[in-house]
Amino acid sequence: MDKTDPDYAPLDFAAARQRMVDAQIRPAQVSNPDVVAAMRALPREQAVPDALRAFAYADRCLPLGDERYLTEPRVTGRMLQVCEIRHGERVLVVGAGTGYLAALLSTMGQGLDVTALESDRTLADIGRALCFTWAPDVHWHEGPLVRGMAENAPYDLIVIDGAVRHVPPALLEQLAEGGRVIAPICPDSGVTTVSRIVRTPQGSAAQPLFDAAVPLLPELEPAPAFVF
């Protein structure tokens, strides 16, 4: 709407944020008080381009361009809850995008050491701006998602903010002993399921936790296999 229109009224983002928590997050059985408090406080509208701010609290994934998305709020809340965070853990967010998930982790009052890894500079710039004001302790790095961030490893927790066919081996190698990966896993055919993945002597083991409609991270899709 034209701001010069006499009927124009600016959006009340603070009220929309509370409605998001009350209508989307809590009904999704997100009861962890740190998660709820962080999602009530953090301005999600600052994690999207200006043109999308009116939709920041909608109950759907928001397109950010180049097949990247801001994950649906209720999925973000449930992912944070199943992380089962312990105080002082080292956390890597892969595909950090515009920084919303990384900022939530940093503001949950658990003294986490959060590293955000993003390969898209435009998205990372939005994320840095969000974190500069709301989560200044987040460490931002730009680089290929498939490689992780070995310089700051090992991590107690790695969260992939987007669906993958499987967790790249480099990420599993960057886990501390007893560490875990939380990621939406999307098989070639089937339902995407947020899962907890741990290293095993044989490679890795995944525990399905809940189904979620999360778009694939294009950068982490396996290269097509050649058939002869």
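## Ground rules

Two strands pair here if DSSP finds at least two bridges between them. Helices (H or I, at least four residues) and strands (E, at least two) are DSSP runs, numbered from the N terminus. This is a predicted model, where local features need pLDDT of at least 70 and side-chain atom pairs count only at pLDDT 80 or more, while totals for chains, interfaces and linings use all residues. Residues are numbered from 1 along each chain as its sequence is written, and side-chain values use heavy atoms, with hydrogens and water left out.

Let's start with β1 (residues 62–65) and β2 (residues 68–70), which pair in the antiparallel sense over three bridges. Leu62 has Leu70 in β2 as its bridge partner. The two strands make a hairpin with two residues between them, and Asp66 in the turn has a positive phi of about 55°.

## The seven-stranded sheet

Next up is an open sheet of seven strands, in the order β5-β4-β3-β6-β7-β8-β9 and with mixed pairing. Its edges are β5 (139–142) and β9 (203–211), each pairing on one side only. From one strand to the next, the twist averages 20° (axes are lines fitted to C-alpha atoms, for helices over the stretch in contact, and angles run from 0 to 180 degrees between N-to-C directions).

At the β5 end, β4 (residues 113–118) and β5 pair in the parallel sense over four bridges, and Ala116 stands opposite Trp140 in β5. Helix α5 (residues 121–134) packs on the sheet and touches β4 and β5; its direction makes about 170° with that of β5. Helix α3 (residues 73–82) lies across β6 (155–160), β7 (175–185), β8 (193–200) and β9, running at about 130° to β9.

Val181 shows up in both pairings: it is the bridge partner of Ile158 and stands opposite Ile197 in β8.

Over in β8 you'll also find Thr200, which is partly exposed, with a relative accessible area of 25%.

## Cores

In soluble globular proteins, nonpolar side chains tend to be buried together. A nonpolar core means a set of buried Ala, Val, Leu, Ile, Met, Phe, Trp, Tyr and Cys residues joined through side-chain atoms within 4.5 Å. The largest one has 54 residues, and Met39, Tyr100, Leu105, Val114 and Val138 have the most contacts inside it. Helix α4 (residues 100–106) gives the most to this core, with six residues. Apart from it lies another core of 19 residues, among them Leu92, Leu175, Ala183 and Ile197.

Leaving aside residues up to four places away in sequence, Met39 touches Arg17, Met20, Val21, Ile25, Pro73, Thr76, Gly77, Tyr100 and Leu104 (contact means heavy atoms within 4.5 Å).

## Charges over rings

A charge sits over a ring if NZ of Lys or CZ of Arg is within 6 Å of the ring centre and within 35 degrees of the ring normal. Arg44 lies over the face of Tyr100, at 5.0 Å from the ring centre. Likewise, the charged end of Arg78 sits over the ring of Phe210, 4.1 Å from its centre.

Conventions: Buried < 20%, exposed > 50% of the residue type's maximum accessible area, 1.4 Å probe, protein only.
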